[in-house]
Amino acid sequence: MTPPVLSVRNLRVEFASRRGVLRAIDGVSFDIAKGEVLGVVGESGAGKSVTGLAVIGLIDPPGRISGGEIYLSGMRIDNLSPEELRRIRGKRIGMIFQDPLTSLNPLYRIGDQLVETLKTHTNLSESAARRRAIDLLAEVGIPAPEKRIDGYPHEFSGGMRQRVVIALAICAEPELIIADEPTTALDVSVQAQIIALIKRLGRDHGTAVMLVTHDMGVIAETSDRVAVMYSGRIAEIGPVRDVVQSPLHPYARGLMGAIPTLAGDAARLVQIPGSMPRLSAIPPGCSFNPRCPFAFERCRIERPEPIRQGTQAVACHLYDTAAKETAA
Amino acid sequence: MTEALVPHSAEPDAVSAHTGSATAHLFGRIVGSDIFYSFRRSRLTMVAAAITVLFFLLAILAPFLAVQNPFDPAQLQLMNSRISPLWTADGQSPFLLGTDEQGRDVFSAILYGLRISLTVGVLGVLLAGTLGISLGLIAGYFGGAVDGLIMRIADVQLTFPAILTALLINGVVKSVFGNRLDAMSTLAVLVFAIGLSFWVQYARTVRGSVMVEKNKDYVAAAQLIGLPAHVIMIRHVLPNTMGPILVIATINLALAIITEATLSFLGSGMPDTMPSLGTLIRIGNNYLFSGEWWVVAFPGFALAALILSINLLGDWLRDALNPKLR
Amino acid sequence: MIVFLLRRLLQSLAVMLAVALIAFTLFRFVGDPINGMVGQDATQAERDALRQNLGLNDSVVVQFGRFVGRTVRGEFGLSYQLARPVNQIILEKMPATLELSLVAGLIALLVGVALGVFTGLRPRAASSRFLLAVSLVGVSLPTFLIGILLILVFAVWLRWLPSYGRGTTEQFGWWTTGLLTIDGWRSLIMPAFTLALYPMTLIIRLVRAEMLEVLRTDYIRFARARGLTTRAIHFGHALKNTLVPVITVAGLQFGSVIAFAIITETVFQWPGMGLLFVQAVQNVDIPIMAAYLLVVSLIFVTINLIVDILYTVVDPRLRSTIQRPA
């Protein structure tokens, strides 16, 4: 059996600060299979983006990966040299950032940025790379690509720029695309188009996609599976349909309650009381316990490990039936 | 662990709370302030401040510290000429840093030269500041054609380096009065030239803040209760610009001293009869090739140390008042 | 684009006209223009006749118009001191100043950008901190002191380099050059370095600050995510964006290099326009002062125009915003 495209095991990321070491990611594990879209959802500061950056090796000092392993198609990549990592970035893992307005270098023609990336990762000649760049622009839905290729970023609209960014991310046909809030900065009308584009590209090329967002709606629309993150840990992970319809973790339940549905009445919108703890003040035990309506003694002392529940896995003591039985 | 993360924010308040009189209160506020904190943190800045204060003290106390009044010809003796510094083989007491061709003690000359340099520098900065702040207030408050005129003049002047402006003003004054200006008038001309060369930055800064503050509610409120324009400007708007102005003034003091020294070095500044540091360097420059390096080296060193200290203070002040500028 | 450049050209013309007005005021009211025409020993009758002939009794506006006309043709009258046509003298001295300023400007730009990039890429390294400390000292030392220090070390003590003049020069039409002989270059090294130091330190600090800023931007992060080589990111993407503000500062600094050449030329007795100007100020030689002012302003204004054009070449965003009619 072929290994998953991305496999993350017990990932830990720490930031050294004046006030001591802050742990941004603490023991995160997940897989993404070929052609699969994994949505990673959570509030800002939950560690979604840091997870993405850790996978592609762009955690800057004072941050560092302090534990765990990352495998790309079975090959361990978290301990590679900077130069080896660079060869993987853009070639085997493509990345899309949040703000298309600032992701492109304003002084370079978009064609030059594409050709530059292509020539870094392939043996294409200048003219072949240019032809490929035009094809790519056409593929991401830029009209009249042979003309637009010589345009500068500021001559494109936000949605068009994000298409260019996507073209740049997929130009070397990567196995994995990490999309970090790819639609947050865009108009609502454009968001759907970009989401559809990412979904189509993933399907057509069999690319695995890690879609980081705080928007459950986007996840529900695009993803095959979803990981719900809370203060640097995965609270719950499983197929989108199951997690949305029957969330297990109290936090995930609150989160799903917060998705407005067209049919549903406003009264069903639930709010989770309180807010996520700062990295410098994560409580012991389960980090959600101060806000959890079901918290009991154990939640304040012992940290819950993921527990299988059908297709889902949930890090919550409520589901630790084995422990309950032995206690009884 | 969480306990240690809480910053000790109560400290400054505690200091100022115990103060009784107004001066003690002010002292408490200064000692407890963030600025003073960052001052104590930077050893280099403390050294720079100490050196700057030392230079001012030396200048003020010059008559008591100098072994002679170097500009009173009666006190100079030719037999004491060309003595090298005290620690060299030919050194003679009491001439610590040696003497020049006329038997003038270099150390005493530096002390008196420092007086002139600092006087011109401080007065020049005061004039430039007064001029710039006034014009900036006027431009910002009245706007329109007045603003346009003042700012266009500022733009044009900004394209010319200050030294060129100062040199030109100096030349014009000289050509009007001829070469018969006495030393005190020359000093006044220098202050005037420096003041006119450095006003632009103050005017721009003040104008900028006035434009911002002008539209705030408290100014509208002050207008409503019938306060006259100049009262609003001086009492309410001006204090808001004092931080940046202090930074500009500090850095300008260094520039003004450099400009005065340069003018004097070029022969368009203080005359030999009442020399500033720049004049001393020009005089000393003539002895460069005859081996009497100390006549030029020590005034040069004093000037460099003075300017470097003031610049360090200015740099620190800018960072302390606006951490974002780092 | 063309509209923009035309507007800038008109602004430049306005600045030149303002400078011409100052020069005219100098010429007409501060000095006696008749002296500029006939020299010191003409009789009163001759002077009166000339006054009538030259139209000095006409209205000021008419006279100013005539002055501008003469200036455009390059006629500045006679030097009081040298009794020769000013345009000849200026033309003789110009090559020396331009060669010195160009070499100094190139040193400042090349070394400044290189060191700025170096310190920007390694902000924490000891070598970077050392360079920045040295640059603060460089800013604090007045130009003439650096020149004197260099002369003391390299000409007086070590006797490696000549301390004054241009060395051997060769003639091409009206242009004299010192760039073709080893002797000329030996003479050029110290003045050029002295003149380059100040703008160089400014450029180092600016490039460093810009580089740090640019390296934090999203497009640099995205460039890294695309797997581009560190070299392509630092010296392609980052440096190109850094250069936009550097162009302005470098352009403005080149103007001040020409003005600061006044000081350097005096220290090294470099036979250029700056030395000529200093002597003119001391001797109240109004025609030369006026002519120098106009020539230097013309150079400043030209540089500013070139900077504007370069701007649009480097930054495509400006090109299109300019194309849209304002």
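Q: In the hairpin of strand 4 of chain A and strand 5 of chain A, which residue takes a positive phi?
A: The model is predicted, so that local features need pLDDT of at least 70 and side-chain atom pairs count only at pLDDT 80 or more, while totals for chains, interfaces and linings use all residues. Residues are numbered from 1 along each chain as its sequence is written, and chains are lettered from A and ligands numbered from 1 in the order in which they are written. The hairpin has 2 residues between its strands; strands (E, at least two residues) and helices (H or I, at least four) are DSSP runs, numbered from the N terminus. The residue with a positive phi, near 45 degrees, is Ser73(A).

Q: Which residue is the bridge partner of Leu72(A) in strand 5 of chain A?
A: Strand 4 (residues 63–72) and strand 5 of chain A pair in the antiparallel sense over 2 bridges, where pairing requires that DSSP find at least two bridges between two strands. Within strand 5 of chain A, the partner of Leu72(A) is Met75(A).

Q: Which strands stand at the edges of the open sheet of 4 strands in chain A?
A: This sheet of chain A has the order 2-1-4-5, with antiparallel pairing.

Q: What angle does the direction of helix 1 of chain A make with that of strand 1 of chain A?
A: Helix 1 (residues 48–56) of chain A packs on the sheet and touches strand 1 (6–17), strand 2 and strand 4 of chain A. Axes are lines fitted to C-alpha atoms, for helices over the stretch in contact, and angles run from 0 to 180 degrees between N-to-C directions. The angle is about 110 degrees.

Q: Which residue of strand 4 of chain A stands opposite Val8(A)?
A: Strand 1 and strand 4 of chain A run antiparallel and are joined by 8 bridges. In strand 4 of chain A, the residue opposite Val8(A) is Ile70(A).

Q: What is the average twist from one strand to the next in the open sheet of 8 strands in chain A?
A: The sheet has the order 6-7-8-3-9-10-12-11, with mixed pairing. Strand 6 (93–96) and strand 11 (307–309) of chain A stand at its edges, each with a single partner strand, so one side of each lacks a neighbour in the sheet. The twist averages 20 degrees.

Q: Which residue of strand 12 of chain A stands opposite Glu236(A)?
A: Strand 10 (residues 233–239) and strand 12 (residues 312–314) of chain A run antiparallel, joined by 2 bridges. The residue opposite Glu236(A) is Val314(A).

Q: Are helix 8 and helix 10 of chain C roughly parallel or roughly antiparallel to each other?
A: Helix 8 (residues 182–215) and helix 10 (residues 230–267) of chain C pack at an angle of about 160 degrees, with their axes 9 Å apart. Angles under 35 degrees count as roughly parallel, over 145 as roughly antiparallel, 65 to 115 as roughly perpendicular and the rest as oblique. Helix 8 and helix 10 of chain C are therefore roughly antiparallel.

Q: How many charged residues has the contact of helix 10 of chain C with helix 12 of chain C?
A: The axes of helix 10 and helix 12 (residues 286–314) of chain C come within 10 Å and cross at roughly 170 degrees, and the two helices are therefore roughly antiparallel. Residues of helix 10 of chain C, including Leu243(C), Gly251(C) and Phe254(C), meet residues of helix 12 of chain C, among them Phe300(C), Asn304(C) and Tyr311(C). Ala, Val, Leu, Ile, Met, Phe, Trp, Tyr, Cys and Pro count as nonpolar, Asp, Glu, Lys and Arg as charged, and the others, Gly among them, as polar. By class, the contact has 15 nonpolar and 4 polar residues, and the number of charged residues is none.

Q: Which helix gives the largest share of the side of chain C that touches chain B?
A: The contact takes 33 residues from chain C and 32 residues from chain B, two residues being in contact if their C-beta atoms, placed from the backbone, lie within 7 Å. Elements of chain C that give two or more residues include helix 1 (2–30), helix 7 (143–157) and helix 11 (273–282). The largest share, 7 residues, comes from helix 10 of chain C.

Q: How far apart do the C-alpha centres of domain 1 and domain 2 of chain C lie?
A: Chain C has domain 1 (2–72) and domain 2 (87–323), with bounds from an automatic or database domain assignment. The C-alpha centres of domain 1 and domain 2 of chain C lie apart by 33 Å.
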